[in-house]
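Hi,

Here is the structure I promised to pass on.

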Amino acid sequence: MNSYRFYPYIALVIGVIAVSTSAIFVKLTLAPAPVIAFYRLLFSTILIAPLFFWKCINEVKGMAKKDWVYSTIAGVLLAFHFILWFESLNFTSVASSVVLVTLQPLFSFIGTYLFFKEKVSGIAAVSGIIAIAGSVVISWGDFQISGLALFGDVLALAACALITAYLLFGQGIRKRHSLTLYTFIVYGISSLTLLIYCLLFQYPLAPYPVTDWYYFLVLAIVPTLLGHSLFNWSIKWVSTNLVSVMILFEPVGAIILAYYVLGENVILSQVFGGSIIMVGITLFLLENRLSKKELKPVS
């Protein structure tokens, strides 16, 4: 059995652990949500730039017009995903926000069928429902049917739809182009979109405490370059559906970190819900491994 078949799955596990830190760092940052998102994507683009200019200049010439259009759309979608999600954390808890953002299979199963004609097997659908049910259990005691909390929940759900669309637009491009090329272009377009948004709505880009700049950089390195970039790398070989279901583990990691870093209490429903999520993810992975053909070698 070729070891490369396991690389996308290992990358997904690392990616999920990395993105689990995102909500914590956002909560610790004092800057407005659009500013946090802008610097996160800007620093990510800057860190990728040397590798891009070293290896990908010739590859850019091979990009079709459709690739540019899809990359631009993906970048804009990613920008507004971060705006809405980071903003939601100002109105609702880490648990509720992260849970709603990671309900991606609801959108992914429909999107992959409409765009790529990928049929979802009965077992995959059931495992997705189980994982989603675990997310609902986690948030059950945290939802508040009231003003600001409900508004934050709506923002998080909208952010969920946007990140799924972002992954769907990237799935086709990643099968044709390298990770470095794709992430540099998409993160660059996303940071430009966020800059325009900040200037348009007069969000100050400075000054901020030194700790905020530290968190901006950490957000760029950990949840973005070690999180989203690994998701983008994986979708060259696996479906957006698999990525979306794996991301359902994010609430578990975020809740654990929120307990130790932010002092948020962990309640029984969160422990029980996290266990249900893991059951759903395990079923989905087993079904995926049994039903899919061997992955293509890493080129």
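Below is what I found, going from the whole chain down to single residues.

A word on the ground rules before anything else. This is a predicted model, so local features need pLDDT of at least 70 and side-chain atom pairs count only at pLDDT 80 or more, while totals for chains, interfaces and linings use all residues. Residues are numbered from 1 along each chain as its sequence is written, and side-chain values use heavy atoms, with hydrogens and water left out.

The overall picture

The chain has 14 helices and zero strands. Helices here are DSSP runs of H or I with at least four residues, strands are runs of E with at least two, and both are numbered from the N terminus. Of the 299 residues, 54% are buried (buried means under 20% relative accessible area, exposed over 50%, partly exposed in between, with a 1.4 Å probe and protein chains only). Take the contacts with a separation of 6 or more: 91% of them join residues 24 or more positions apart. Contact means heavy atoms within 4.5 Å.

The accessible surface comes to about 13,500 Å², and 73% of that belongs to carbon and sulfur atoms. Those areas come from the Shrake-Rupley method with a 1.4 Å probe; for residues, only the protein chains shown count as cover.

Phe6, Tyr7, Ile10 and Ile14 make a nonpolar patch of about 370 Å². Patches are made of residues with over 30% relative accessible area and no salt bridge; like charges are joined within 9 Å, and nonpolar side chains (Val, Leu, Ile, Met, Phe, Trp, Tyr) within 5 Å. One of the four, Ile10, sits in helix α1 (residues 7-19) and is partly exposed at 48%.

The salt bridge

The count is one salt bridge, that is, a side-chain nitrogen of Lys or Arg within 4 Å of a carboxyl oxygen of Asp or Glu. Asp67 and Arg176 form it, at 2.6 Å from N to O. The pair links distant parts of the chain, 109 residues apart: Asp67 is in helix α5 (residues 65-88), and Arg176 is in the loop between α9 (147-174) and α10 (179-200). Asp67 is buried, with a relative accessible area of 3%, whereas Arg176 is partly exposed at 46%.

Two helices to look at

The 22 residues of α10 should span 32 Å at 1.5 Å a residue, and its end C-alpha atoms are 31 Å apart, which agrees. The expected span is 1.5 Å times one less than the number of residues. Just after α10, Gln202 takes a positive phi of about 60°.

Helix α11 (residues 210-234) has 25 residues and should span 36 Å; its ends are 34 Å apart, C-alpha to C-alpha, which also agrees. Even so, α11 bends by about 40° at Thr224, the bend being the angle between axes fitted to the seven residues ending there and the seven starting there.

Ser44, in helix α3 (residues 33-55), is buried at 0% relative accessible area. Beyond its neighbours within four places in sequence, Ser44 is in contact with Tyr187, Ala220, Thr224 and Leu225. Ser44 and Ser191 are 147 residues apart in sequence, yet their C-alpha atoms are 9.1 Å apart.

Ser121 is in the loop between α7 (105-116) and α8 (122-140) and is partly exposed at 27%.

Cheers
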